[in-house]
Amino acid sequence: MAVPAASLLTASALCPRESMQVTSSRFNQMWVVRNQRSFNNHVKRVFLQSSLRRSSSKGPVWPRASQSNGNTVITTEKLNQEIGCLGVKVEEGEGKLPKLVLKSNGGSEAEIYLFGGCISSWKIPNGKDLLFVRPDAVFNGQKPISGGIPHCFPQFGPGLIQQHGFARNMTWSVASSGNSEGKPSVTLELKDNSYTHSMWDFSFLATFKVVLDTERLSTELVIKNTDKKAFTFNAALHTYFRALITGASVKGLKGCTSLNKFPDPVNPIKGVEEREVVNFPGFVDCIYLTAPNKLLLENGLGDTVSIENKNWADAVLWNPHMQMEACYKDFVCVENAKIANVELEPGQTWSGEQYLSVN
Ligand SMILES: O=P(O)(O)OC[C@H]1O[C@H](O)[C@H](O)[C@@H](O)[C@@H]1O
């Protein structure tokens, strides 16, 4: 299946600083004046906490553009000066965690928490947020954000390290930002540190590029082996879509080999999906191997979301049903995944692209 031509690369030009300052500096100044004190306090707190944790080889590292060691304290103003540009700014999010806010010329919006490199919101021009954050999600920089598009890396799990890996549990830094023809973009990055080495003893560079178009949210995850030895990993984008569970369904999985993790997640039942349209009548936790590059989600709220990908070989459907009684009716997870291990020799890269869109 063809992947949309709207390539991530075409939107990669950095913002011209001069035009960025003319267009967004007043807004940023106003925001900085209003928020700098509490935000800086948060920055100091995070820095102190992470310094303490670093001494015991644990915990997130505060991000910095042009990061060398990740330990430098940076203010909102500085962060905005470094990465803010037309359609991209830094704001204080839930729990005072920093988030990037992207606004396209076409009226769509996205929010990305640096903690977890997690896209928490994707609003199409009519204001509907097509992503979902669970009501029990915490924004304390300690636990992964339960919602939006969390990363599962370097394992989907279950496996030897924490469920879904550590990437959703660390603070990513901002490598660059840009705006091409009204489409804002940011590239986040995550590198190994003592925390990751304590679980998975390899050096890596993960970059995550996000481009927001009017009706499309594109991402590209690139994993590079920066070690001297080969490593293997697997990964997923654990996307939570807002939905009405009784009306939600996914098309495109018929014929795929399925690994049904219900009732025993450690010994999934192998089968073949025979349904044209897969819905969510109860607990669902199922891996689909070699899924097509395009799935269609009817979210039950009147939207058809196209979920396209390049190189995310597999898919996962998940809904916890009564295990999460308070919210299971309001979302489904349709995840692009790479379940089989990818092996990377030193210097090699792997990339996976995801394109979410509505008509
Ligand atoms: O609660 P989490 O760690 O975010 O994981 C939530 C779920 O994610 C995936 O979809 C897995 O297939 C499930 O087995 C898991 O329970």
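User: How many bridges join strand 18 to strand 21, and in which sense do the two run?

Analyst: Strands of a sheet pair through backbone hydrogen bonds, either parallel or antiparallel. Here strand 18 and strand 21 (residues 349–358) run antiparallel and are joined by 6 bridges, and within this pair S306 stands opposite S357. Two strands count as paired if DSSP finds at least two bridges between them, while helices (H or I, at least four residues) and strands (E, at least two) are DSSP runs numbered from the N terminus. This is a predicted model, in which local features need pLDDT of at least 70 and side-chain atom pairs count only at pLDDT 80 or more, whereas totals for chains, interfaces and linings use all residues. Residues are numbered from 1 along each chain as its sequence is written.

User: Which strand do 5 bridges join to strand 18?

Analyst: That strand is strand 17 (residues 294–298), which runs antiparallel to strand 18 (residues 304–310), with L297 standing opposite V305. The hairpin of strand 17 and strand 18 has 5 residues between the strands, and in it G300 takes a positive phi near 75°.

User: What is the order of the strands in the open sheet of 4 strands, and which strands stand at its edges?

Analyst: The order is 1-2-3-4, with antiparallel pairing. Strand 1 (88–92) and strand 4 (118–123) stand at the edges, and because each has a single partner strand, one side of each is left without a neighbour in the sheet. Neighbouring strands of this sheet are turned by 25° against each other on average, direction ignored; the axes behind such angles are lines fitted to C-alpha atoms (for helices over the stretch in contact), and angles run from 0 to 180 degrees between N-to-C directions. Strand 1 pairs with strand 2 (residues 98–103) over 5 bridges, and E91 stands opposite K99.

User: Where does K96 lie, and what is its phi?

Analyst: Most residues other than glycine have a negative phi, and most peptide bonds are trans. K96, in the loop between strand 1 and strand 2, has a positive phi near 60°. K96 counts as partly exposed because it has 17 C-beta neighbours inside 10 Å: a residue is buried if 20 or more other C-beta atoms lie within 10 Å of its own, exposed if 12 or fewer, and partly exposed in between, with C-beta atoms placed from the backbone. H321 has a positive phi of about 45° although it is not a glycine, and H321 lies in the loop between strand 19 (314–319) and strand 20 (331–344).

User: Which residues does a cis peptide bond with omega of about 0° join?

Analyst: That bond joins G157 and P158, and P158 is found in the loop between strand 5 (151–152) and strand 6 (173–180). The peptide bond from F262 to P263 is cis, with omega near 10°.
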